[in-house]
Amino acid sequence: MTDCIFCRIARGEIPAKIVAQDDDLVAFHDLGPQAPVHVLVIPRKHIPTANDIGQEDGALLGRIWTRIPAIAAELGIASVGYRVVNNCLAPAGQSVFHLHFHLLGGRVMGWPPG
Ligand code: 5GP
Ligand code: ZN
């Protein structure tokens, strides 16, 4: 058991505005939204960064990705488009070291992301 902030959210020890959860994942609204819809999708399993995804995590990541379009649909952004982002390590913008996917939508997105 870790005291990582996202592990604590997954265990219900820290409140979050949860939009979906199952045995594999928890999805909750980001505290500092960067778009009208900004939800974080995390595995319950503590995986620090994308670099730490192992062969044994393949099925888990597949199930999480299978859920993301359904979560986007529940949030009303599936048909208008959305962006899914993972920041891996601090230079790429990672600030919480528990693997997470930002699900962003509700506005037009620029590219490159910067
Ligand atoms: P990162 O910078 O690691 O890619 O993304 C971490 C995200 O977690 C940030 O967008 C930040 O706003 C969000 N965040 C950090 N702490 C909390 C928290 O305690 N609750 C929620 N809901 N979001 C958080
Ligand atoms: Zn964690």
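How far does a polar side-chain atom of H100 lie from an oxygen atom of ligand 1? The gap is 2.9 Å. Keep in mind that this is a predicted model.

- For reference, the ideal angle for four tetrahedral donors is 109.5 degrees.

- Are C4 and C7 buried or exposed? Both are buried.
- C4 has a relative accessible area of 14%, so it falls under the 20% cut-off for buried.
- C7 comes in at 6% relative accessibility, so it counts as buried too.
- As for disulfides, the structure has zero of them.

**Around ligand 1**

- There are 16 residues around ligand 1, and the ones that come nearest are D30, N87, G93, S95 and H102.
- N87 puts a side-chain N or O atom 2.9 Å from an oxygen atom of ligand 1.
- H100, from the opening question, has its polar side-chain atom 2.9 Å from a ligand 1 oxygen.
- With H102, the distance between a side-chain N or O atom and an oxygen atom of ligand 1 is 2.8 Å.
- How much of ligand 1 does the protein bury? On its own the ligand exposes 520 Å², and the protein buries 82% of that.

**Salt bridges**

- Side chains of opposite charge can pair when their charged atoms come close.
- The count of salt bridges here is five.
- One of them joins the side chains of R8 and E13, at 3.1 Å from N to O.
- R8 has a relative accessible area of 32%, which lies between the 20% and 50% cut-offs, so it's classed as partly exposed.
- E13 is at 41%, so it's also partly exposed by those cut-offs.
- R67 and D22 form another salt bridge, with their closest N and O atoms 2.7 Å apart.

Technical notes: Residues are numbered from 1 along each chain as its sequence is written. Chains are lettered from A and ligands numbered from 1 in the order in which they are written. This is a predicted model: local features need pLDDT of at least 70, side-chain atom pairs count only at pLDDT 80 or more; totals for chains, interfaces and linings use all residues. Side-chain values use heavy atoms; hydrogens and water are left out. Buried means under 20% relative accessible area, exposed over 50%, partly exposed in between (1.4 Å probe, protein chains only). A disulfide is a pair of cysteine sulfur atoms within 2.5 Å. A residue is near a molecule or strand if one of its heavy atoms lies within 4 Å of it. A polar contact is a pair of N or O atoms within 3.5 Å; within protein, one must be able to donate a hydrogen and the other to accept it, and residues adjacent in sequence count only if both atoms are side-chain atoms. Accessible areas come from the Shrake-Rupley method with a 1.4 Å probe; for residues, only the protein chains shown count as cover. A salt bridge is a side-chain nitrogen of Lys or Arg within 4 Å of a carboxyl oxygen of Asp or Glu.
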